[in-house]
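Me: I'm new to this one. Can you walk me through it?
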Amino acid sequence: MPKQATDPAVALQLGVDRASPVPLYFQLSQQLEAAIEKGRLPPGSLLGNEIELAARLGLSRPTVRQAIQSLVDKGLLVRRRGVGTQVVHSQVRRPLELSSLYDDLATAGQSPTTRVLHNAVEPAGAAVAAALGVAEGTEVHRVDRLRCAHGEPVAYLRNHLPAGLLPLDTTALEATGLYRVMRAAGVVLHSAHQTVGARAAGAAEGALLREHEGAPLLTMERRTYDGTGRAVEFGSHLYRASRYAFDFQLLARP
């Protein structure tokens with residue numbers, strides 16, 4: 001059997017720059033992580049023997065082992081007795097900007113899919129009413145979705161929108177992202193206020209996200225406004241901390 005059939009890493013264009021000040025193990029781990037994130041090493045892929053990978057790259061076995069261990073520590077790889085080193089999943093890294101999770105996953109090659117769990121008009125509770133700037137009890141549209149990447153759950157998304165703002169067809173919501181549906185309907189997304197936090201998973205949430213009860217989850221609440229300052233969406237989302245991270249760019253004060 002050809003080597004590529006059992007060792008996907010062989011087909012990757014891996015290499016290191018010995019003149020670079022960046023440690024060799026880190027260069028290798030970054031290339032492997034990028035391959036995982038882009039789907040070139042999909043979940044379930046087995047990496048080859050460390051000795052053979054080291055020989056192919058002209059690296060020492062400890063260097064290759066350190067690179068692989070760094071990805072094991074991140075939860076991207078796992079060592080299984082009698083099986084070898086296997087890709088578990090890739091971590092979603094998302095910039096903090098006004099963008100759709102669906103679009104960010106698609107851009108990163110993460111093969112996003114969506115399952116709509118709830119899609120109905122209902123009275124707004126106090127928190128939702130305050131976020132959307134309407135009276136408590138006003139009818140609003142609620143949509144709950146489970147977002148997956150490469151078939152693995154990443155986030156549980158709950159969104160509330162003003163009733164009648166736009167049609168929210170379940171088929172369309174499962175085919176693409178909510179923000180794409182909103183923009184296609186002529187809703188202009190201008191700005192948002194977002195709060196990020198964390199909490200432990202409840203039993204039902206854990207079951208949906210394939211995490212045990214009490215597992216850490218990232219939380220995000222977002223209020224989105226159109227160009228007139230009207231609130232057009234309130235999102236309350238849960239993300240698997242093992243699969244998801246927010247990226248920040250920080251600038252020094254002048």
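Me: Quick one to start. How many aromatic pairs does the count come to?
Reply: The count comes to one aromatic pair. Keep in mind that this is a predicted model.

Me: Which residues form that aromatic pair, and how are the rings set?
Reply: Y25 and F26 form the pair, and it is edge-to-face. The centres are 6.3 Å apart, with 75° between the planes.

Me: Is Y25 buried or partly exposed?
Reply: Y25 is partly exposed, at 25% relative accessibility. F26 is also partly exposed, with a relative accessible area of 37%.

Me: New topic, salt bridges. How many are there?
Reply: The count comes to 10 salt bridges. In general, side chains of opposite charge can pair when their charged atoms come close.

Me: Start with R61. Which residue does R61 form a salt bridge with?
Reply: The partner of R61 is E50. Their closest N and O atoms are 3.8 Å apart.

Me: What about R142? What does its side chain meet in a salt bridge?
Reply: The side chain of R142 meets that of E122 in a salt bridge, at 3.4 Å from N to O. These two link distant parts of the chain, 20 residues apart. R142 belongs to strand β5, residues 139-149. E122 belongs to strand β4, residues 112-123.
R142 also forms a salt bridge with D144, where the closest N and O atoms are 2.7 Å apart. R142 counts as buried, at 16% relative accessibility.

Me: Which residues are linked in a network of salt bridges?
Reply: The network links E122, R142, D144 and R158.

Me: Stay on D144. Where does D144 lie?
Reply: D144 lies in strand β5. D144 is buried, with a relative accessible area of 2%.

Me: Which side chain joins D144 in a polar contact of 2.9 Å?
Reply: That is the side chain of R158. The D144 side chain also makes a polar contact with the side chain of R142, at 2.7 Å.

Me: Leaving aside neighbours within four places in sequence, what else is D144 in contact with?
Reply: On that basis, the contacts of D144 include R115, V116, L117 and H118. Y156, L157 and R158 are on the list too.

Me: Who does L28 touch, neighbours within four places aside?
Reply: L28 is in contact with L14, L57, L59, V64 and A67.

Me: Last one. What is the phi of R210, and where does R210 lie?
Reply: R210 has a positive phi of about 60°, although R210 is not a glycine. R210 lies in the loop between α10 (203-209) and β8 (216-225).

Definitions and conventions. Residues are numbered from 1 along each chain as its sequence is written. This is a predicted model: local features need pLDDT of at least 70, side-chain atom pairs count only at pLDDT 80 or more; totals for chains, interfaces and linings use all residues. Side-chain values use heavy atoms; hydrogens and water are left out. A salt bridge is a side-chain nitrogen of Lys or Arg within 4 Å of a carboxyl oxygen of Asp or Glu. Helices (H or I, at least four residues) and strands (E, at least two) are DSSP runs, numbered from the N terminus. Buried means under 20% relative accessible area, exposed over 50%, partly exposed in between (1.4 Å probe, protein chains only). A polar contact is a pair of N or O atoms within 3.5 Å; within protein, one must be able to donate a hydrogen and the other to accept it, and residues adjacent in sequence count only if both atoms are side-chain atoms. Contact means heavy atoms within 4.5 Å. Rings of Phe, Tyr and Trp (its six-membered ring) pair if their centres lie within 6.5 Å; planes under 30 degrees apart count as stacked, over 60 as edge-to-face and the rest as tilted.
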